[in-house]
Amino acid sequence: MKHLFLIVISCSLFVCLVQAKPVYLKDAIVPKKNQIKTPAKSLPRIAIAGLGIESSTFSPALTDEAAFHAKYGGDVFSLYPFFSVDSPLRNKAVWIPTIVGKSLPGGAVTRQAYESLVNKTLDSLKKHGPYDGLFFDIHGAMSVVGLDDPEGDFIVRIRKVVGKKTIISTSMDLHGNVSWRLAENTDLITCYRMAPHEDAMQTKQRAVANLIERIESGKGKPAYKAWIPIPVLLPGEKTSTRIEPGKSIYKAVAPAAAQKGIIDAAIWIGYAWADEPRNHAVVMVTGDDKETVTRTAEQLAHRFWDARSAFEFVAPTGTLSECLNKALASQKHPFYISDSGDNPTAGGAGDATWTLTQLLARPELKADNGPSLIYASIPGPELVKKAIAAGVGGRVEGYAGAMVDARYAPPVKISGTVEAVVSGDKDAEVEAVIKVGSVHIIVTQKRKPYHKEIDFTRLGLNPRKADIVVVKIGYLEPELYAMRADWLLALTPGGVDQNIERLPYHRILRPMFPLDKKMADPDLSAKIVPSSDQL
């Protein structure tokens, strides 16, 4: 009887606990019993949320909600390999994913799309709280129509839901922007240390690991957050960590973060193609030792500022005509040319036709047996439909591009032979290869960046065998960089024009280097950001 009584009491307690804190399998990862060394009730509850996009205010394009390909609930975990079944981090907490959306870079996000995604996130957070921590996964360079500092607005609204006690750990792209408002409302913060961003997933994992450590140790929020704005605004193609001075500046970050009394250190380049007061470089250091935190932040900031005039393009540059002349005369193949001004990986519309128009006018490329050139890519949904109807080997004629950005050239007329039609890509949806003279043009139903070898080979193209490959991109992503025999960065027009000194800035803080080259040295003393507890 006594045993029966204990069983009834135990079952009643279990039911009460489950009713008090419901955990839905689609919304949380709960460690298996044999993988938990401490009682399940002691595991922290950590939410996951975030929206990521790099969006240019100098592009006429607009980004809608569908572009974010938002993941909901348990589907969020597919974005993070470090949450795999065998990952130690997986068993450190009860994870409650809400919404994480990642969009291709593009134009400003519509206010309707932003509000919809933010409100869905807040509704989910309200439903599944309370939380010990929150992993806030953002890019940091979102532009929203009619709203300054969207990431700052987003985190303020999250704070109102999760409260002051929840520890928020923020992971960002180094081309993001850290406003004072974002710095205040986050507790732990870090960003990539490589450009190209080969350490993206490593950075996100570090943000999560830092959060877990501060919760498990009981240390909680950092005692100090040092923030230093640096009046420098440079394109990523001038601040790559492949070359100096970016290489040495970022090489110093990891040792700085490893010092006793410091949790993390980070340098943000900022995003050059948006016109807001928050767009500039920033250094942030978090930790518990005020003197070390402050000194380290100031050292990193001075090192960045002192090197400002040494930043140069990651590749030799020239006009498109100059780049083409060199590529056609070169014996090095494949010769890559970056069509940098309309780079969709940086926020360009991706459908400017200026460069393709110039290519098709070149007499060297008009003959079928001329130098082989791959052009990636141009959106043209109507032309794709014609290519599907004509089939491989058929002839098509129609227009592509300039549906969004027609400022520099109108839609381009393409008349050629269909070499391939492939469907199923997440971004492009349908891709067609149309050969005009010796130019193999990739025409897409929707815009898509081409930065991996498989992006070409799945279409029957071999970029390693081509004479010239022209890609709408800035600095070459790792796979393209490894393939190139030679490379030039063409200074072409578009929403992410590399010549930022000709962009119509009106709202960024001035003076700003390199727009104001003779400016006086700024005050680079560290500003201690109030803890989110004090908001």
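This report covers confidence, backbone geometry, selected residues and salt bridges in a predicted model.

## Basis and confidence

Residues are numbered from 1 along each chain as its sequence is written, and side-chain values use heavy atoms, with hydrogens and water left out. In this predicted model, local features need pLDDT of at least 70 and side-chain atom pairs count only at pLDDT 80 or more, while totals for chains, interfaces and linings use all residues.

The average pLDDT (the predictor's confidence in each residue, from 0 to 100) is 93 for the protein. A score of at least 70 is reached by 92% of the residues. One is residues 1–27, with 13 contacts (heavy atoms within 4.5 Å) beyond four places in sequence. The other is residues 29–40, with 18 such contacts. Where pLDDT is low, predicted coordinates should not be read in detail.

## Backbone geometry

One runs from Glu244 to Pro245, with omega near 0°. Pro245 sits in the loop between β10 (224–230) and α6 (246–251). Helices here are DSSP runs of H or I with at least four residues, strands are runs of E with at least two, and both are numbered from the N terminus. The other cis bond joins His333 and Pro334, with omega about 0°. Pro334 is in the loop between α9 (320–329) and β14 (335–339).

His69 has a phi of about 45°. Its place is the loop between β3 (62–63) and β4 (71–72). Ala402 has phi near 60° and lies in the loop between β16 (395–400) and β17. Ala402 counts as buried, at 9% relative accessibility.

Ala108 belongs to strand β6 (residues 106–109). At 12% relative accessibility, Ala108 is buried. Leu62 is 46 residues from Ala108 in sequence, yet their C-alpha atoms are 5.1 Å apart. Leaving out residues up to four places away in sequence, Ala108 touches Ser55, Ser56, Ala61, Leu62, Thr63, Ser143 and Val145.

Asp153 is part of helix α3 (residues 150–162). Its relative accessible area is 15%, so Asp153 is buried. The Asp153 side chain makes a polar contact with the side chain of Tyr114 at 2.6 Å. A polar contact is a pair of N or O atoms within 3.5 Å; within protein, one must be able to donate a hydrogen and the other to accept it, and residues adjacent in sequence count only if both atoms are side-chain atoms. A further polar contact, at 3.1 Å, joins the side chains of Asp153 and Arg157. Beyond four places in sequence, Asp153 is in contact with Tyr114, Leu147 and Arg181.

## Salt bridges

Side chains of opposite charge can pair when their charged atoms come close. The model has 37 salt bridges (a side-chain nitrogen of Lys or Arg within 4 Å of a carboxyl oxygen of Asp or Glu). Arg181 and Asp149 form one of them, with the closest N and O atoms 3.3 Å apart. This pair links distant parts of the chain: Arg181 in helix α4 (residues 180–185) and Asp149 in the loop between β7 (133–137) and α3, 32 residues apart. Arg181 is partly exposed at 30%, whereas Asp149 is buried at 7%.

Lys435 and Asp368 meet in a salt bridge at 3.0 Å, N to O. Lys435 in strand β18 (residues 429–436) is 67 residues from Asp368, which lies in the loop between α10 (354–361) and β15 (373–379). Lys435 is buried at 18% relative accessibility, but Asp368 is exposed at 54%. Asp425 bridges to Lys448, with the closest N and O atoms 3.1 Å apart. Asp425 lies in strand β17 and Lys448 in the loop between β19 (439–444) and α12 (453–457), so the pair ties together parts 23 residues apart in sequence. Asp425 is buried at 16%, and Lys448 is buried at 5%. Salt bridges that share partners join Asp149, Glu151, Arg181, Glu276 and Arg278 into one network.

Key
Buried < 20%, exposed > 50% of the residue type's maximum accessible area, 1.4 Å probe, protein only.
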